[in-house]
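Dear colleague,

Please find below the structure that I am handing over to you. My findings follow directly after it.

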Amino acid sequence: MPPESNDVRPYPALDEVDRAILTELAADGRLPNNALAERVGVAPSTCLTRTRALRERGAIRGFHAEVDPAALGLPLQALVSVRLTAHERAAVDAFRARSVRLPGVVSVFHVAGAEDYVLHVRAASGDALRDFVLDHLAVDPVVQHTQTSLIFEQARGMG
């Protein structure tokens, strides 16, 4: 079973080929197996077996399409920082479980520092973003404070 997305696990058994497969797929998740095998220098059957094994071990968490949020009717993006009132594991875990299911939430980050969580949120408008914060976060008894930062532009990094 793959590890949870917040598990920190070293992958000491990964060799150069496994790391090369991961590097190539991180750059282009749609790369066909034959092209991937050629780039990493192994037979296609070997590449397919290793890619499946990397998925089963949790080193590959999944594949997705990066879609323009505006095409979904959600052109506004924001990072909403959340400070919790309680830091007991049960309260923190419950907030995380609730927040990942909220409408418009793309990602939830548990962070160190003055804030406890940062939520990446998509919304149809400024009014919809305000409603999201008021209807889902401000009413949550475990939420002490929120701060919203609008995202003007997003550029994808190489990592």
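**Helix packing, annotated domain and pocket**

The axes of helix 1 (residues 16–27) and helix 2 (residues 33–40) come within 10 Å of each other, crossing at roughly 130°. The crossing in which helix 1 passes helix 2 is right-handed. Please note that this is a predicted model.

According to the UniProt record, an unreviewed entry, the annotation "domain: HTH asnC-type" covers residues 14–75. Over residues 14–75, the chain is 53% helix and 0% strand. The end C-alpha atoms of that stretch are 40 Å apart.

I also examined the second largest pocket, whose volume is about 530 Å³. Its lining consists of 16 residues. Those lying nearest the centre of the pocket are His64, Val106, Arg122, Gln154 and Arg156.

Strand 2 gives the most to the lining, with three residues.

Yours sincerely

Terms used:
Residues numbered from 1 in each chain as written. Predicted model: local features only at pLDDT ≥ 70, side-chain atom pairs only at ≥ 80, totals over all residues. Heavy atoms only, no water. 1 Å grid on protein atoms, 1.4 Å probe; cavity = no way out; pocket = protein on both sides within 12 Å on 5 of 7 lines; lining within 4 Å. Points joined across faces, edges and corners; volume = space filled by probe spheres on them. Helix = DSSP H or I, 4+ residues; strand = E, 2+ residues; numbered from the N terminus. UniProt positions renumbered as here; feature names shortened; annotations may be inferred. Axes fitted to C-alpha atoms, helices over the stretch in contact; angles between N-to-C directions. Left-handed = near helix turned anticlockwise from the far one by under 90°.
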